[in-house]
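This report describes the contacts between and within the chains of one structure.

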Number of protein chains: 2
Amino acid sequence: MTFTLQKALVPVDRGYSTVDVQVVDDRITAIAPNLEAIGTVVDCQNKLLLPGFVNAHTHSSEMWQRGAIRPVPLELWLAELYDFVPLEIEQIYLTALGTAVETLLSGGTSVVDHLVLIPGKEIETIATAVRAYKEVGIRAFIAPLIQDESLTAGVPSGGTEQEHDAYIRSTGATLALIQDAVNKFHNPSEGVYILVAPTGIQLCSDALFTGCVELSERYNLCRHSHLLETKAQVLLAQEKYGCSAVEHLKRLGYLSERTSLAHCVHLTDEDIAILAETQSTVVHNPLSNLRLGSGIAPILKYRQAGVNVSFGCDGSASNDSQDLLEAIKIGSLLHNVTDLDYQHWITPRQSVEMASFGGAKGLNVADELGSLTVGKKADFVLYDLTNLSLLPRTDPIGLLILGRPTQVVDSVWVNGKKIVGNGQVTSIDVDNLRKELFDRSQWVTNRQSQTLDEIEAHYRSVMGLSEKSGYS
Amino acid sequence: MTFTLQKALVPVDRGYSTVDVQVVDDRITAIAPNLEAIGTVVDCQNKLLLPGFVNAHTHSSEMWQRGAIRPVPLELWLAELYDFVPLEIEQIYLTALGTAVETLLSGGTSVVDHLVLIPGKEIETIATAVRAYKEVGIRAFIAPLIQDESLTAGVPSGGTEQEHDAYIRSTGATLALIQDAVNKFHNPSEGVYILVAPTGIQLCSDALFTGCVELSERYNLCRHSHLLETKAQVLLAQEKYGCSAVEHLKRLGYLSERTSLAHCVHLTDEDIAILAETQSTVVHNPLSNLRLGSGIAPILKYRQAGVNVSFGCDGSASNDSQDLLEAIKIGSLLHNVTDLDYQHWITPRQSVEMASFGGAKGLNVADELGSLTVGKKADFVLYDLTNLSLLPRTDPIGLLILGRPTQVVDSVWVNGKKIVGNGQVTSIDVDNLRKELFDRSQWVTNRQSQTLDEIEAHYRSVMGLSEKSGYS
């Protein structure tokens with residue numbers, strides 16, 4: 001593909017400039033006012049051009065349960081989630097498409113899918129997600145979610161004797177599975193990346209973490225995990241390691257400049273220093289952290305310590321959307337209440353940089369992605385500034401980040417290929433997707449999770465909550 | 001108008017039911033499955049019907065500055081806001097239309113416009129907002145924003161000598177103005193209500209509050225004010241009254257079952273008890289409270305104390321949108337991080353009730369509005385459950401409140417009149433509005449507020465912030 005964007009508004013210093021952008025194949029070859037028009041010409045008048053954002057943490061198949069789970073904390077929410085987890089391969093396909101579509105239409109060009117694997121169909125699950133993302137054309141960082149301990153082990157024992165079932169798959173078999181996935185699917189030049197992604201300290205052994213480190217080093221893979229999302233996990237780390245989870249992961253050699261860690265809500269100042277020292281990235285999932293009552297991640301402290309921060313929607317069962325602009329807005333504003341000194345508050349321009357460059361950095365691709373720079377990949381988004389939700393005209397980036405933009409994404413290119421035009425995803429049949437999602441679901445209310453019922457009393461006791469009252 | 005909605009999904013107990021709804025003139029006359037079709041028939045298959053929400057606090061003309069003001073606390077933000085306040089009557093008209101459109105398209109059927117008056121054109125400002133809202137057909141609660149002290153008086157002195165200019169209009173003249181507005185515009189049967197609306201303790205004398213109480217009693221008007229939005233206002237109340245602002249307002253007789261109070265971020269348990277006792281309503285503006293770093297209002301405490309709570313978007317310069325569904329989502333989730341016991345968390349159904357019935361109650365019209373009830377006014381909203389952002393199908397209200405619905409409002413009726421159909425506002429020319437907003441504005445960045453610069457050093461000192469560093 002060779003094309004020229006004409007008269008696009010782009011941010012420069014503290015203002016804006018109107019420029020042309022030339023693209024040859026998959027790369028930006030020139031950015032300047034009044035360039036010669038080469039290839040297809042795209043009129044960008046009254047449109048804002050920004051580098052694509054990264055939806056840096058999600059779980060696509062959770063979309064089957066969005067809106068379904070009542071407000072409860074992570075540990076109980078997970079119990080319900082897994083009681084109703086989708087088990088058909090076709091479901092994986094449809095919600096990977098859905099996740100890609102919502103991400104694209106809210107400014108994202110890359111998605112990190114911490115993909116829940118269907119037991120017994122693990123490779124097929126990954127193959128299906130790869131197929132869906134390739135069809136849409138979004139850049140896909142697929143992080144098959146692995147663990148080697150069963151779900152109940154994720155709740156602190158609180159000094160009581162707890163027995164947990166063995167996990168369905170051994171550590172060795174799990175690592176072999178990831179190696180297989182890497183061999184089959186890891187293909188950065190085609191926009192598909194496999195990550196090692198042990199879910200987190202709550203359900204993974206040291207052997208799983210170190211096995212992942214080895215795979216990561218052998219194949220140059222990024223690493224992706226949840227980290228200290230809840231207070232319960234802080235307690236659990238103390239029970240398991242006698243030290244903080246961050247300290248333990250550092251000792252295991254898991255933290256690095258290609259490690260991204262979702263949530264990071266409950267870290268101490270010492271933990272933050274370790275993240276800075278190891279150049280790890282924090283993926284901020286503000287909506288999920290609120291929805292599950294996990295807490296407010298100390299994002300301003302991370303930024304002051306020099307820790308890279310990006311944004312994620314998290315899975316649609318804990319948000320319950322894949323609107324990246326919403327996650328960026330709330331993830332930026334939320335911290336104003338944590339620090340009285342507004343000099344530390346995140347500005348809309350900083351939010352844009354976190355969502356684009358910060359996202360790329362956390363995936364070890366900042367030399368290729370994350371900014372409008374000659375030589376970088378052509379992954380960018382054109383916003384229609386004549387949309388009612390961005391009017392009256394004031395500061396375009398202020399409107400985009402602080403407002404509630406509705407259908408403002410006009411066009412999206414990934415790897416130089418246009419996959420959204422006139423506000424519509426053009427690479428797949430979205431109306432058919434809509435029909436499939438409708439037909440394969442039904443309006444359900446008041447479903448009862450057996451696992452949640454089983455673990456609730458223990459959870460309340462460990463967390464120091466009074467006995468359950470007439471809650472319904 | 002006589003019409004029948006057929007096969008609408010409505011919430012009942014903890015599930016849903018499919019019903020028909022008959023409307024004659026402006027009122028609901030029957031709700032039941034399989035009613036006789038009278039008048040126009042509206043097919044509501046796969047659509048959710050809910051009572052209209054109330055956008056219970058906003059300032060319409062702030063829309064001219066949305067996206068424009070950098071992240072700073074209220075007191076500095078106000079300084080910049082007023083330096084660039086719109087001064088043309090036509091501007092009032094256009095952003096009242098814009099506020100109405102965004103409110104309608106996010107589930108609102110009523111708006112409380114705490115309307116900033118153009119100096120010297122006060123009655124004309126009110127007349128213009130009335131005209132705009134009547135043209136759109138939204139139910140309009142117009143609360144002309146009044147004060148009798150000048151802006152700098154809103155920042156605590158911190159023990160220093162501060163001189164403030166006299167306000168541009170006397171207390172008596174201000175009260176006469178409101179009386180005039182009531183005579184000219186207060187017309188509940190036509191969907192236009194005038195409220196007495198002293199901005200808050202920070203800029204109003206006792207005489208203004210008591211004058212408003214008298215007007216409220218004489219004409220049966222609701223009362224609407226800001227209350228304890230920031231820490232600075234807590235300090236100011238102590239300086240002014242030597243007691244809490246809530247105690248003082250109670251003594252003045254301002255608090256009542258028809259008083260609604262925006263923000264209420266910094267109240268003590270004693271203050272909360274006073275709100276409960278006086279049956280005052282709290283209007284929760286979560287996005288503005290985050291954007292300005294004001295804090296997290298203790299909404300769960302209000303609910304536990306029996307205080308009525310509704311939702312507002314607040315003005316578009318502190319949000320920066322009028323998307324009521326966004327305000328409801330964030331205003332519901334935000335509090336999960338303030339109470340470890342999830343039994344107290346707000347459920348999506350409770351959110352709907354707060355936004356509809358709670359909104360009506362705060363405006364003293366709960367006998368007429370706020371629920372789908374035979375005999376009540378036909379103010380309701382039909383949501384398209386086949387929209388991609390509400391799929392796959394799970395719990396309709398969970399999807400609507402916890403998700404990020406995009407263009408899901410199919411139709412809206414106010415006072416029995418249909419003003420939105422097929423997702424489009426039909427009562428005015430929205431495309432023309434869009435063009436007008438575009439033409440009358442320009443992309444501006446880095447504007448400098450002189451007043452902000454003047455008061456910043458004093459503000460930082462009073463709030464215990466260090467001297468300004470290299471902030472830019």
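A salt bridge is counted here when a side-chain nitrogen of Lys or Arg lies within 4 Å of a carboxyl oxygen of Asp or Glu. By that rule, 45 salt bridges are found over all chains of this predicted model. Six of them cross the interface of chain A and chain B.

**Interface**

In the contact between the chains, 88 residues of chain A meet 88 residues of chain B. The buried area is about 7,500 Å², and carbon and sulfur atoms give 64% of that area. A:Tyr342, A:Arg393 and A:Trp443 supply 12% of what chain A buries against chain B, more than any other three residues. Between the two chains there are 32 residue pairs in polar contact. Elements of chain A that give two or more residues to this side include strand S2 (15-24), helix H2 (89-104) and helix H14 (430-439). H14(A) has the largest share, with five residues. Sorted by class, the side of chain A that touches chain B holds 42 nonpolar, 28 polar and 18 charged residues.

**Salt bridges**

| Pair | N to O distance |
|---|---|
| A:Asp341 and B:Arg460 | 2.8 Å |
| A:Arg447 and A:Glu80 | 2.9 Å |
| B:Asp269 and B:Lys301 | 3.1 Å |
| B:Arg404 and A:Glu326 | 3.3 Å |

B:Arg404 sits in the loop between helix H13 (396-402) and strand S15 (409-414) of chain B, and A:Glu326 in helix H11 of chain A, so this pair joins two chains. B:Arg404 is buried, at 4% relative accessible area, and A:Glu326 is buried as well, at 1%.

The pair of B:Asp269, in helix H8 (residues 269-278) of chain B, and B:Lys301, in helix H10 (residues 299-304) of chain B, spans 32 residues. B:Asp269 is partly exposed, at 47%, and B:Lys301 is partly exposed, at 45%. Elsewhere, A:Asp323, A:Lys329, A:Arg404 and B:Glu326 form one network through salt bridges that share partners.

**Nonpolar contacts**

The largest nonpolar core has 259 residues, of which A:Leu275, A:Tyr302, B:Leu275 and B:Tyr302 touch the most other members. Beyond four places in sequence, the residues that A:Leu275 touches include A:Val246, A:Leu255, A:Tyr302 and A:Val307.

B:Leu372 lies in the loop between helix H12 (348-362) and strand S14 (380-384) of chain B. Its relative accessible area is 24%, so B:Leu372 counts as partly exposed, since buried means under 20%. Outside its sequence neighbours within four places, B:Leu372 is in contact with residues including B:Val10, B:Ile28 and B:Phe380.

Note on methods. Residues numbered from 1 in each chain as written. Chains lettered and ligands numbered in written order. Predicted model: local features only at pLDDT ≥ 70, side-chain atom pairs only at ≥ 80, totals over all residues. Heavy atoms only, no water. Contact = heavy atoms within 4.5 Å. Buried area = accessible area lost by both parts, 1.4 Å probe. Polar contact = N/O pair within 3.5 Å; in protein donor to acceptor, adjacent residues only side chain to side chain. Helix = DSSP H or I, 4+ residues; strand = E, 2+ residues; numbered from the N terminus. Nonpolar A, V, L, I, M, F, W, Y, C, P; charged D, E, K, R; others polar. Core = buried A, V, L, I, M, F, W, Y, C linked by side-chain atoms within 4.5 Å. Buried < 20%, exposed > 50% of the residue type's maximum accessible area, 1.4 Å probe, protein only.
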